[in-house]
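Here is a short note for a colleague opening this entry for the first time. Please keep the viewer open while reading.

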Amino acid sequence: MASASFVKPNTLSSPWIGQRSFAHTSASPPRVSFAIRAGAYSDELVKTAKSVASPGRGILAIDESNATCGKRLASIGLDNTEDNRQAYRQLLLTTPGLGDYISGAILFEETLYQSTKDGKTFVDCLRDANIVPGIKVDKGLSPLPGSNDESWCQGLDGLASRSAEYYKQGARFAKWRTVVSVPCGPSALAVKEAAWGLARYAAISQENGLVPIVEPEILLDGDHPIERTLEVAEKVWSEVFFYLAQNNVMLEGILLKPSMVTPGAEHKNKASPETVAEFTLTMLKRRVPPAVPGIMFLSGGQSEAEATLNLNAMNQSPNPWHVSFSYARALQNSVLRTWQGKPEKIEASQKALLVRAKANSLAQLGKYSAEGENEDAKKGMFVKGYTY
């Protein structure tokens with residue numbers, strides 16, 4: 001056997017550490033061989049992940065499918081047309097000063113290839129604002145045969161070629177969302193399917209230059225207590241990191257998008273931000289290695305103010321990772337209500353986006369106060385059985 005080679009973990013030059021093999025004879029001590037995989041994009045992946053996980057900033061998620069975006073537009077009386085979707089996303093992505101609080105934006109495929117009415121690509125709008133463009137790459141949820149009425153996430157077929165094209169278009173990170181339902185068990189089959197799918201997606205993304213956001217959403221549906229959510233979350237994240245390791249995924253080049261650990265939305269007792277922070281950080285410290293650069297929480301149907309308060313509570317003391325946000329509804333709700341599809345309200349709508357973005361920026365720094373929040377920001381957005 002050749003002499004063992006060793007590369008220090010967590011260095012940018014060779015961050016891929018594979019499996020160890022042991023061989024020895026009675027005449028010699030055991031020697032260790034490390035299979036090293038230095039991906040072509042390793043340094044860039046680490047740089048991108050650190051850029052997204054930068055102090056005081058988080059992710060704006062506007063990766064709703066055309067159908068889901070149509071639901072948002074319908075809530076303010078607009079038809080689901082490409083022109084209306086483009087107009088709304090232009091409003092968001094051209095907000096002056098957005099890059100002060102937003103480090104990354106997750107786009108739907110349509111949006112990645114769109115431009116402003118003046119012909120400037122949305123990718124260039126983001127780059128000029130120091131915001132990293134990202135892309136949703138999964139193909140949505142489908143019923144999982146043999147499970148407890150659960151689902152699995154589609155999209156691995158053709159993912160490598162699609163990811164390569166997204167990279168050429170300017171995307172530098174990706175998002176794949178699968179879900180786990182507490183009321184459905186969850187079944188061991190559903191948890192394993194979610195974890196394996198996320199790990200395969202993450203490996204394929206890194207091979208093509210995209211930092212993968214790993215998102216197994218623990219749905220808010222149910223009347224279970226917070227302790228049950230913690231139990232399920234620990235199980236899910238344990239499986240996820242097991243399969244990430246099996247697929248040789250470089251942890252320094254990923255981001256996580258977990259659910260906060262809360263009681264089920266229909267539970268009789270609501271948890272305080274301090275309790276949510278305690279349970280969520282307990283789960284993360286038990287399951288997430290410090291090599292992961294950023295934890296970008298989803299809001300999952302919480303009110304705008306609630307999502308911000310909970311994030312703020314988690315940043316009252318130092319964490320091993322950048323603990324921040326990747327919000328969709330919790331950043332966009334006020335914007336839609338203000339805009340109403342009227343050109344004369346674009347400036348006011350952009351100011352509404354900055355208010356929410358700044359609030360969450362302060363929460364990432366642990367400096368947010370809910371003083372002065374309006375009542376609309378405190379309204380919950382949970383929808384039972386919500387689909388994207």
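1. Overall make-up. The model is predicted. The protein contains 12 helices and 12 strands. Of its 388 residues, 56% are buried.

2. Contacts and surface. Take the contacts in the protein with a separation of 6 or more: 78% of them join residues 24 or more positions apart.

3. Arginine 89. Find this residue in helix α3, which spans residues 82-93. Is arginine 89 buried or exposed? Its relative accessible area is 1%. Buried means under 20%, so arginine 89 counts as buried.

4. Surroundings of arginine 89. Its side chain makes a polar contact of 3.2 Å with the side chain of threonine 111. Neighbours within four places in sequence are left aside here. Beyond those, arginine 89 is in contact with Ile62, Glu64, Ser65, Asn66, Cys69, Phe108, Glu110, Thr111 and Phe122.

5. Helices α8 and α9. Two packed helices are described by the angle between their axes and the distance between the axes. Helix α8 covers residues 226-246, and helix α9 covers residues 273-287. Their axes come within 9 Å and cross at roughly 25°. Angles under 35 degrees count as roughly parallel, so α8 and α9 are roughly parallel to each other. Their crossing is right-handed.

6. Residues between the two helices. On the α8 side, the contact is made by residues including Leu230, Ala233, Trp237 and Phe241. On the α9 side, Val276, Phe279 and Met283 are among them.

How values were computed: Residues are numbered from 1 along each chain as its sequence is written. This is a predicted model: local features need pLDDT of at least 70, side-chain atom pairs count only at pLDDT 80 or more; totals for chains, interfaces and linings use all residues. Side-chain values use heavy atoms; hydrogens and water are left out. Helices (H or I, at least four residues) and strands (E, at least two) are DSSP runs, numbered from the N terminus. Buried means under 20% relative accessible area, exposed over 50%, partly exposed in between (1.4 Å probe, protein chains only). Contact means heavy atoms within 4.5 Å. A polar contact is a pair of N or O atoms within 3.5 Å; within protein, one must be able to donate a hydrogen and the other to accept it, and residues adjacent in sequence count only if both atoms are side-chain atoms. Axes are lines fitted to C-alpha atoms, for helices over the stretch in contact, and angles run from 0 to 180 degrees between N-to-C directions. Angles under 35 degrees count as roughly parallel, over 145 as roughly antiparallel, 65 to 115 as roughly perpendicular and the rest as oblique. A crossing is left-handed if the near helix is turned anticlockwise from the far one by less than a right angle, and right-handed if clockwise.
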